Amino acid sequence: MFKYLFKRDTILATIMVFIVMGLLALIPINTHVLDPIKMALQDFDYNDLAYSQFDKNGHTSVDTNIVVVNIGNADRAGIAGIISELASKKPAVIGVDVLFNEAKAAAPDSLLVQLFSGSDKIVLAYHLQAEKRVLAASGFLWPNAMARGYANFVGEEGGSIRHTAPIMKNKGTVYQSFAAAVAQVAYPVEYKKLVYRNNRTEQLNYTRTANKFLVVDGKEILAGRETSISFTGKTILLGYISPDPNSIEDKHFTPFNKKSVGKTVPDMEGVFIHANIISMIRDHDYVNKSPVWINWLVASVLCWLHMSLFIRFFVDKHLWFHLVAKIAQVVSAVLFVYLGLLFYFKWDVKINLTPTFVAIILAVDVLYFYEAISTWLHKRFGIHSLFIHAHH
Amino acid sequence: MKLFFSILMTCFFFSAFAADPSFVVYHSQGRINKTGSKNMLKKGDQLFAKDLLVLGEGSKLLLICSNYQIIQLSKKGNYPVKKLVAQCKQATSYSSSYFKYVWNELTHPHGKPEQEPESYMKNVGAVSRGCNEVALAMQVDTIHYYSGTLPLVWWAAYEKPVAAVFEQAMDGEAVQKITLAAKEPLQLTQLVKDLSPGTYYWQIMGEQGSGCERKYLKIWNKASYLKAVQALLGFVPESSPAETAYAKAFLLHEHHFLAEALPYYKLAVKLNPGNSIYRTSLNKFYETNF
């Protein structure tokens, strides 16, 4: 394998692989137009396997600082009652993950307006409409709220939720996500760290499934019954959790879903996704992406090693060349996915191995191209290369 | 029998040569005529190859082709229908459709959510309460009605909204339906015209039937209605005429006798125009900024 590692042709062929990759990237077209696998896996990320198959963060304990209150089928008067009751227990913040789309009845609507406009510790969710890159908040009551945030996640429509945009800016208006707005009130120092990261989007580091958050029934609160859970100083999130496991109301796909590809049912309520984001901000437990230069350095080194192996068999044992090349590609793919997942699983680092995969896949074809050019250069200018005496 | 058979065959023969309509009007807006007709084009009108369309300034026309394609005209001018037919045919070719699809896909590379978040924000992580497709100035979940004027100011996200009355809270066919004109309040009198006393449900919905939760509507008979109203008004203590009128209006409003409350609000404002509470309460019936 290392016989040809430092040969000029190995290095030049490797460089040619990246030149070809660069040229392909320049073509401004979607080359996956008729690729059913690519179309089917549009919303697929290998890193999802870390959650769904390998139980990433499975050891995480129950989050006792965030309490989810299920509003169930409470009407607006009921929701107002739950918020009032909770506010009296002095929590750090109350996040109301409910969209009020229209005026309903004067009395309860007035109660809610009074609650949202009277405290900066009650954060109301709203819907951020995004059409043709123009953003606009919509709904009812949110203009009255002192603290508010959009409940939108970032992802393919109906796809897995893997990202959040903490802050969006559009035409001079700044919009804050619901989770970020809640974190700003409850964990101002950690919120500043989030802002300091200055990332347009953050990859979600799901640390807990729904059953690892404390959940209280809103009816209990409304009835004034004592619960074993203390609300003082806690982050309270009001949201809807259906008693029916097959309900899809405010349910979304997450990487926890056991079925990563194909038809399945959503697995997590929006309020728990917000809870995961808040806990990620609070614990400064972000997923960090490897720098671009590292991705390309890894791709270059691995492509170089593969090229050396491919040239060895191309020149010396051509009969076995294709078989070895295919085996090497498959083994490498399995190994690199393992390593990529390992970094994600253990250290929350996401490495983009796409350049590495593409380089190794292209290496075989580029090698034939390089051989043809070498032969032509030899005939025309007498330039010697490894391929001149190759018999195949 | 022979004669009947001959006539029948002749009819079939000539029917084979009868011209099929080239288009059916799906939507028209503004001043649009076809030659030989003084009437404006309206939904459902048929257009034939010999016709010439005349579109006025600011008008818009949607036509359904015989192959169910839709073409749109929005520029002022004259359009021979014969030439428009070609526009339908262009899209029907399997080959052209296929390559059009490939071209569209090729030239629209798929983006990445993390790089263009504003294009990937359709998933909303919150439960919705209330409808965001229809809005009414007044909170009218329940209406008790017998007669009288009750304008309901509305807004709807639908292109062609209709108001419909049903006998059931969900599903079922509408027993009454009226098309709503943009920026014109829905007149309840018109909606419930000829309906016999009973319990109904109504809603503003799209042409296809999509809509929000239905609202409760009880149509009373005269005797019961007057009795119920009188019973409510019996609770109102006598005060100044304006205050008494307002108290009556408020009580009726709270009990959802809206058509009955409106004249009392008007009377209260008339008797004491300087009272801002009276004016605010009356203005709610005509509020348009919602």
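Predicted model: local features only at pLDDT ≥ 70, side-chain atom pairs only at ≥ 80, totals over all residues.
**Exercise 1. Decide why strand β4 of chain A can be called largely enclosed by the rest of the structure.**

Solution. The strand covers residues 122–131, and the step that matters is the burial of its residues: eight of the 10 are buried, so β4 of chain A is largely enclosed by the rest of the structure. The criterion for burial is that 20 or more other C-beta atoms lie within 10 Å of a residue's own.

**Exercise 2. Describe the side of chain A that touches chain B, and find a strand pairing that links the two chains.**

Solution. Begin with the extent of the contact, in which 46 residues of chain A meet 29 residues of chain B. On the chain A side, the elements that give two or more residues are β3 (98–100), β4, β5 and α9, and the largest share, four residues, comes from β4(A). By residue class, this side of chain A divides into 22 nonpolar, 14 polar and 10 charged residues. The pairing asked for involves β3(A), which pairs in the parallel sense with β8 of chain B, residues 127–129, over three bridges; A:V98 has B:V127 as its bridge partner there.

**Exercise 3. Which residues have the most contacts inside the largest nonpolar core, and which element gives the largest share of that core?**

Solution. The largest nonpolar core holds 78 residues, and those with the most contacts inside it are A:V69, A:V98 and A:A183. Its largest share, eight residues, is supplied by helix α9 of chain A, residues 270–282. Taking A:A183 as a worked case, and leaving aside neighbours within four places in sequence, its contacts are A:E190, A:Y191, A:L194, A:I278, A:I281 and A:R282. A second, separate core comprises 38 residues, among them B:L188, B:Y225, B:A261 and B:Y278.

**Exercise 4. Work out the strand order of the five-stranded open sheet in chain B, and identify its edges.**

Solution. Read across the sheet, the order is β10-β17-β16-β13-β14, and the pairing is mixed. The edges are β10 (142–145) and β14 (174–179), each of which pairs on one side only. Neighbouring strands of the sheet are turned by 25° against each other on average, direction ignored. For a closer look at one pairing, take β13 of chain B, residues 162–166, which runs antiparallel to β14(B) and is joined to it by five bridges; here B:V162 stands opposite B:T179. As for the chain that contains this sheet, chain B has eight helices and 17 strands, and buried residues make up 23% of its 290 residues.

How values were computed. Residues numbered from 1 in each chain as written. Chains lettered and ligands numbered in written order. Pairing = 2+ DSSP bridges. Axes fitted to C-alpha atoms, helices over the stretch in contact; angles between N-to-C directions. Buried ≥ 20, exposed ≤ 12 C-beta atoms within 10 Å, placed from the backbone. Core = buried A, V, L, I, M, F, W, Y, C linked by C-beta atoms within 7 Å. Contact = placed C-beta atoms within 7 Å. Nonpolar A, V, L, I, M, F, W, Y, C, P; charged D, E, K, R; others polar.
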